Amino acid sequence: GGGDDKKCDIIYVDKELQIGVVAQCYVSKKNKPSAPSSKASDLNTAIAWLLSRELSDLPEQLKGRADEFRSAINSGEIKQIYMVRPQLAGL
């Protein structure tokens, strides 16, 4: 999270389960049936930054996580990637 996270709200690597997760988060103070549809495009932006951009182009707060994620993919420690956007919102 933060101001320049390139839409990467959650980046998770579990080498034991061999999975990687990239997620978009959404919290609403009002009861809503779903998150805004723009969250799907935000997730696409997050994946593009995380996997496609040069590490030197990434914000400092994202470089380490992106490097870990990419390295785990390249070494075979991640076999599946899950991309998650919010389905429900509200507190």
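The model is predicted, so local features need pLDDT of at least 70 and side-chain atom pairs count only at pLDDT 80 or more, while totals for chains, interfaces and linings use all residues. Residues are numbered from 1 along each chain as its sequence is written, and side-chain values use heavy atoms, with hydrogens and water left out.

**Helix H2**

- Which residues of H2 are buried? They are Leu62, Ala66, Phe69, Arg70 and Ala72. (Buried means under 20% relative accessible area, exposed over 50%, and partly exposed in between, using a 1.4 Å probe and protein chains only.)
- Seen down the axis of H2, these buried residues fall within an arc of 160°, so they line one face of the helix. (The arc is taken from the directions from the helix axis to the C-beta atoms.)
- That buried side packs against strand S1 (10-14), strand S2 (19-23), H1 and S3. (Contact means heavy atoms within 4.5 Å.)
- The face turned away from the buried side carries the exposed residues Glu60 and Asn74.

**Salt bridges**

- The structure holds four salt bridges. (Each needs a side-chain nitrogen of Lys or Arg within 4 Å of a carboxyl oxygen of Asp or Glu.)
- One of them joins Glu77 and Lys15, with the closest N and O atoms 3.9 Å apart.
- Glu77 sits in the loop between H2 and S3 and Lys15 in the loop between S1 and S2, so this pair ties together parts 62 residues apart in sequence.
- Another links Glu68 and Arg65 at 2.5 Å, N to O; being three residues apart in helix H2, they are separated by about one helical turn.

**A nonpolar surface patch**

- Leu51, Ile81 and Met83 form a nonpolar patch on the surface, with about 250 Å² of accessible area together. (Patch residues have over 30% relative accessible area and no salt bridge; like charges are joined within 9 Å, and nonpolar side chains (Val, Leu, Ile, Met, Phe, Trp, Tyr) within 5 Å.)
- Ile81 belongs to strand S3 (residues 80-84) and counts as partly exposed at 36% relative accessibility.

Terms used: Areas by Shrake-Rupley, 256 points an atom, 1.4 Å probe, with all protein chains shown as cover. Helix = DSSP H or I, 4+ residues; strand = E, 2+ residues; numbered from the N terminus.
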